[in-house]
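Keep the sequence and the 3D view open while reading.

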Amino acid sequence: MTANDKQTLAELGFEVVPVAGRIGAEVRGLKLGADLSPATLAAFRQSLLRHKVLFFRDQAHLDDASQEAFAEAIGTPVAHPTVPVRPGSSYLLELNSEVGGRANSWHTDVTFLDAYPWASILRAVVVPAAGGDTVWSNTAAAYEDLSPEFKAFADQLWALHTNDYDYAAVRRVITDEQIKRHREVFASTVYETEHPIVHVHPETGEKHLLTGHFVKRILGVSTADSARLFSIFQDHVTRLENTVRWRWAAGDVAIWDNRATQHYAVNDYGDAHRVMRRVTLAGEVPVSVDGRRSRSIKPGPVAIAAE
């Protein structure tokens, strides 16, 4: 690690204020863009590893192009594998509440791929007057909450992740149009990947629970036992002690380590309009506690190497 890597954003003159006890910090005084210094980018990365999700207010200077340019400065942006990008952009995924953009279930982004994104950059464009918050959870803290005996058990388990999951089952209210869109767009190509329930973070060495709504089943156990085990792990992930909640304002940006978190966009704003734009950064194939790598089952390996 270089001297620059050891610098914190606070040492560079930016205020880093924790938002919750186990996850999340607001960075104040930093204007995001592709022109950040190498020292600032290195300190940003260290702060992200520490806090798992970073929040930035007052970033209205960012538009689609500059959001993508910033993403290119910190990683390798990748488009969603099935959902078309926003017209005129290369990587941006628009989450628009008027066309089905309500991801109101707990998940880690795109885990149906073998090398799912290492980070996501989300920019608030239109926000409701009330509601529409997003909640993140610390999946390392969730793992640490397990008993030693259950950790040892979890370390051995694997699960099948897919984008062809029961979309209606994870939502209380669902329309026929939303189900049709899920099948025709999101699940237009079906991906299946086997991931360990516990993976080792490639930079911090922390152990994280890897679950979320893309899990179809836990391998090697009955369907009933799979459902019970999934509930146990997911309940630890979503314990309030392991979460942070962000109230959006237009121009806010949240950046999270997708290898270390799950998140949930709260669908409590009725017919109000909400528009968010997201760029994800190419990640690496996860590794289990015993050193095995996740493997793509369908339609075959789709890994995109990260920088």
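Strand β8 (residues 158-162) pairs with β12 in the antiparallel sense, over three bridges. Strands here are DSSP runs of E with at least two residues, helices are runs of H or I with at least four residues, and both are numbered from the N terminus. Two strands count as paired if DSSP finds at least two bridges between them. Within this pair, Leu160 stands opposite Arg217 in β12.

The model is a predicted one, in which local features need pLDDT of at least 70 and side-chain atom pairs count only at pLDDT 80 or more, while totals for chains, interfaces and linings use all residues. Residues are numbered from 1 along each chain as its sequence is written, and side-chain values use heavy atoms, with hydrogens and water left out.

The pair β8 and β12 belongs to an open sheet of four strands in the order β12-β8-β9-β17, with antiparallel pairing. Its edge strands, each pairing on one side only, are β12 (215-218) and β17 (295-298). From one strand to the next the twist averages 30 degrees; the axes behind this value are lines fitted to C-alpha atoms (for helices over the stretch in contact), and angles run from 0 to 180 degrees between N-to-C directions.

For the chain as a whole, the count is seven helices and 17 strands. Of the 307 residues in the protein chain, 53% are buried, where buried means under 20% relative accessible area, exposed over 50% and partly exposed in between, with a 1.4 Å probe and protein chains only. The accessible surface of the chain comes to about 13300 Å², and carbon and sulfur atoms hold 51% of that; such areas come from the Shrake-Rupley method with a 1.4 Å probe, and for residues only the protein chains shown count as cover. Among contacts with a separation of 6 or more, 83% are between residues 24 or more positions apart, a contact being heavy atoms within 4.5 Å.

A second open sheet has three strands in the order β13-β7-β15, and its pairing is antiparallel. Here β13 (243-246) and β15 (261-265) are the edge strands, each pairing on one side only. The twist averages 20 degrees from one strand to the next. Strands β7 and β13 run antiparallel and are joined by four bridges, with Val244 in β13 as the bridge partner of Trp136.

Asn138 is found in strand β7 (residues 134-138). Why does Asn138 count as buried? Its relative accessible area is 6%. A polar atom of the Asn138 side chain lies 2.8 Å from the backbone oxygen of Arg22, and a polar atom of that side chain lies 2.9 Å from the backbone nitrogen of Ala140. A polar contact is a pair of N or O atoms within 3.5 Å; within protein, one must be able to donate a hydrogen and the other to accept it, and residues adjacent in sequence count only if both atoms are side-chain atoms. Apart from neighbours within four places in sequence, Asn138 is in contact with Arg22, Ile23, Lys52, Asn242 and Ala260.

Lys52, one of those contacts, follows helix α2 and has a positive phi near 75 degrees. Helix α2 (residues 38-51) has 14 residues and reaches 20 Å from its first C-alpha to its last, close to the 20 Å expected at 1.5 Å a residue; the expected span is 1.5 Å times one less than the number of residues. The helix is mostly covered, with 10 of its 14 residues buried. Among them are Leu41, Phe44, Leu48 and His51.

Val16 stands opposite Val27 in β2. The hairpin of β1 and β2 has six residues between the strands, and in it Gly24 takes a positive phi near 95 degrees. Glu26 is found in β2 (residues 25-28) and is buried, with a relative accessible area of 13%. Its contacts, leaving aside neighbours within four places in sequence, include Val16, Phe55, Arg57 and Trp246.

Finally, Val279 lies in strand β16 (residues 275-281). Val279 counts as buried because its relative accessibility is 0%. Not counting residues up to four places away in sequence, Val279 touches several residues, including Gln67, Pro77, Tyr91 and Ile121. Val279 and Ser90 are 189 residues apart in sequence, and their C-alpha atoms are 9.5 Å apart in space.
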